[in-house]
Amino acid sequence: MSKPQSRQLTPAEIQAFGAELDALRARIVADLGEPDARYIRKIRSTVRYSELAGRGLLMLGLFPPAWLAGAATLGVSKIIENMELGHNVIHGQYDWMNDPEFRSATYEWDNVCPSSAWRNTHNYVHHTFTNVIGKDDDIGYGVLRIFPEQKWHPANLLQPVYTLLMAVLFQWGVGIQDSKIDRVLRGELKLRDTIPDLKIYAKKARGQVLKDYVAFPLLAGPAALPVLTGNMAANLIRNLWAFAIIYCGHFTEDAEVFPESVLENETRAEWYLRQIKGSSNISGGPLFDILSGNLSHQIEHHLFPDLPGRRYAEIAVEVQALCARYGQHYNTGRFSKQFFGVLVRIFAQSLPTQAAAAKPAKQKPLPKAGQTKPAFAALDDLAELQARLEARLQRKRQTYADAGVRQPAPQAEALVA
Amino acid sequence: MDILSPVLGQLARRAGAALRHPLLAPLVNEHVVDFYARHLHPQLSMRQVIARVTARQAASADAVTLHLVPNYLWRGFRAGQHVTLTVEIDGVRHHRVYSLSAANADDVQITVKRQPGGLVSNYLLDQVYDGDYLQISPAFGDFVLPEPAPQKLLLIGAGSGMTPLLALAEALLQMPDYTGQVLVLNYGRSHEETLFHSRLLRLKTLHPNLRVVYGLTAEGVSEGELSGRFCARHLDELLADAAEWQVMACGPQGLVDSVKALWAERGYPLAPLTESFTPLAVPQATAGQQPVALHFRLAGRAVTGNNQQPLLQQAEAAGLLPASGCRMGICFSCTCRKTSGTVKNLLTGQTSSEPDEDIRLCVSVPLSDVSISL
């Protein structure tokens, strides 16, 4: 298995790298405004209209083509609601609008996972301790062995089967994650410790079941059965898609994991680097960006989880150039390539191997002579890259000067030399 | 479809109430309902009072009165009360409190004075026209006429502080058998900038028991006008029996403070009723501060704060973006559940240690370690 190829940075370089990302963030924050508000409302409207259309078509579901179109439309509607609207709103990406409809603290998405549980397991635990073994539950969700650094257990032999189950029941798995039921099953926690969380989960799940599997079928009268099965199909479509996108976020071939020791005295700049090394992007066009909730830019999302997802595409151009300049691997690829890498890991790690110690990034040895080619490939193109970057910075400065905004600190060039 | 007609309005109100029924509530998302409702009529909403601007009228050289027709959720108001108005500017929602400047329940109007550099006042003056829709809150506030109606009422206002006073004067003078005296002291920088010249003149013609005196702070005055800010001399020039008058004052903090001080100094029996729209002076962290641990539960953040500044400011300093509005304790936009700890209310000076109580972040200062649902 090829290992990610990132150059070892000096502390001063790491600090400068972080400062550039901070400056990038500040520029985007200063630029947020009406176009971002208009965008998220357009997404909201798309969700509402497509849900109405999907549910409407399912009411005519006794006619098979209508059922098919209805289930597909509702499935896509749920995908956009969960990914581009819900996930991003709950991250607080639109809190600056001060609009109660898009407020992270109160937004409740169309998913059996309670938003409050998601804010804890995802926004807090996963985004803070990304890919740190023992801290980030999202590494295999407490069930799968994804990395050789994780301990093997005979139960891992069956993990291709668990993966299939998790894909089909994705929203249910995500929902129960906060109650740490996996740790109860392993005897690490008592069942009663998880009861308050299970109650919150049950309440949310009851509402969702009531809506999709009782209320709407009843409303449909004679078409109750097609509506019921259509809603099931829509939820399944959303589950499979969300599973695929999310597993591509951190389990791809080149994704790295870290031992807990990296957290000691970790600076913000080091945290940025860990986010980049632990996350992977999927290349695709604007439609793919929307359907993936902009998790196609997982790296940018992990660097700036609270900036509007629609900004990640423009941020990605700069982050990719930054990574190239600093010799850091930027993990991206087609969906098929990234997803295949994930499946390979799931199958490969189901078999027993000695648990490899996760190496702290800081003490990583310098690449051996034979391996330097890919690691420093980026440096070969340095001159060309520098020229491109200079031209872009020049354009940016002009834009900022035109808009009367203070120019970003041009600390980038000095470091490359 | 006239959603404001009594029949349809009643129907819409009932539909909204039905959707809030405990049996339906888990299935009903207010934002989804409002999204579809807006397509039927811009003023149709489950919970929000949406008002249509029906007329604009100059109230002075730099102020405009907006006449509003609210939807069926409007519950009326008492003269002297205000509303919180919400406008969106460059994607960001802003809240401001405006007094209602008329006494007649059928005439909902606010008067907006241009504030130099003021985001919302400039927007309302330059961008809002007849036919636009504005979101307002229900009327609130206790700056209203005392019971029984005072026989001698002195209204002292400065700048936009005149807006509730005009409503109060109209309300009292329009009472069917009112025979008492009303004196209005209207302060401003210049003639052009003092509000409601024509409205007050018309009111005076209808009610001879109203007297209006202008006070100018930045312009020469003519016969019968006062020069400079409100002071004891102004009061003595106008009223020999000031002790018998009920005073109501509204304006900048300085005006309200000097009225209160004068009344206290002279020991007049009727306590002044006052209102000031100046935002609270937010205390800055000082040398005597103590660190407190702040736990923002929903954000999963624990930070070290201090016991000097409001929680809103400290949460923002910690990088959170809580919902906020007036930042002076009146609009309740920043209301948040405190699960433990002691806070002091800057408005009342009261401290409270109740677990699970709702507090307004903008006027609550933590005195101990505090945990809030933010």
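What is the handedness of the crossing of H2(A) and H9(A)? The crossing is right-handed, where right-handed denotes that the near helix is turned clockwise from the far one by less than a right angle, and left-handed that it is turned anticlockwise. Before I go further, a word on conventions: this is a predicted model, in which local features need pLDDT of at least 70 and side-chain atom pairs count only at pLDDT 80 or more, while totals for chains, interfaces and linings use all residues. Residues are numbered from 1 along each chain as its sequence is written, and chains are lettered from A and ligands numbered from 1 in the order in which they are written.

Let me stay with that helix pair in chain A. Helix H2 covers residues 34-59 and helix H9 covers residues 224-250, and their axes come within 8 Å and cross at roughly 140°; the axes are lines fitted to C-alpha atoms, for helices over the stretch in contact, and the angles run from 0 to 180 degrees between N-to-C directions. Helices here are DSSP runs of H or I with at least four residues, strands are runs of E with at least two, and both are numbered from the N terminus. On the H2(A) side we find A:Gly54, A:Leu58 and A:Met59, which meet A:Pro226, A:Val227, A:Gly230 and A:Ala234 of H9(A), contact being defined as C-beta atoms, placed from the backbone, that lie within 7 Å. By class, the residues of this contact are five nonpolar, two polar and no charged, with Ala, Val, Leu, Ile, Met, Phe, Trp, Tyr, Cys and Pro counted as nonpolar, Asp, Glu, Lys and Arg as charged, and the others, Gly among them, as polar.

Chain A as a whole has 18 helices and two strands, and 42% of its 417 residues count as buried, a residue being buried if 20 or more other C-beta atoms, placed from the backbone, lie within 10 Å of its own, exposed if 12 or fewer do, and partly exposed in between. When contacts in chain A between residues at least 6 apart in sequence are considered, 71% of them join residues at least 24 apart.

Two asparagines in chain A deserve a look at their backbone. Most residues other than glycine have a negative phi, and most peptide bonds are trans. A:Asn131, in the loop between helix H4 (115-128) and helix H5 (159-168) of chain A, has a positive phi near 60°, and A:Asn131 counts as buried because 25 other C-beta atoms lie within 10 Å. A:Asn294 sits in the loop between helix H11 (286-291) and helix H12 (298-303) of chain A; its phi is also positive, near 60°, and with 24 other C-beta atoms within 10 Å, A:Asn294 is buried.

Turning to chain B, the secondary structure comes to eight helices and 20 strands, and 37% of the 374 residues count as buried. The radius of gyration of chain B is 23 Å, which agrees with the value near 21 Å that a compact globule of 374 residues would have, the radius being taken over C-alpha atoms and the rule being 2.2 Å times the number of residues to the power 0.38.

The domain assignment of chain B gives domain 1 (6-136), domain 2 (152-276) and domain 3 (291-372), with bounds that come from an automatic or database assignment. The C-alpha centres of domain 1 and domain 2 of chain B are 30 Å apart, and 15 residues of domain 1 are in contact with 15 residues of domain 2. On the domain 1 side, strand E1 (49-60) and strand E5 (108-113) of chain B each supply at least two residues, and that side has seven nonpolar, six polar and two charged residues.

A cis peptide bond, with omega about -10°, joins B:Glu147 and B:Pro148, and B:Pro148 lies in the loop between strand E6 (133-136) and strand E7 (152-158) of chain B.

Finally, the contact between the chains takes 14 residues from chain B and 23 residues from chain A. Helix H2 (30-40) and strand E4 (92-99) of chain B are the elements that give two or more residues to the chain B side, and H2(B) provides the largest share, three residues. The chain B side divides into nine nonpolar, three polar and two charged residues.

How values were computed:
Contact = placed C-beta atoms within 7 Å.
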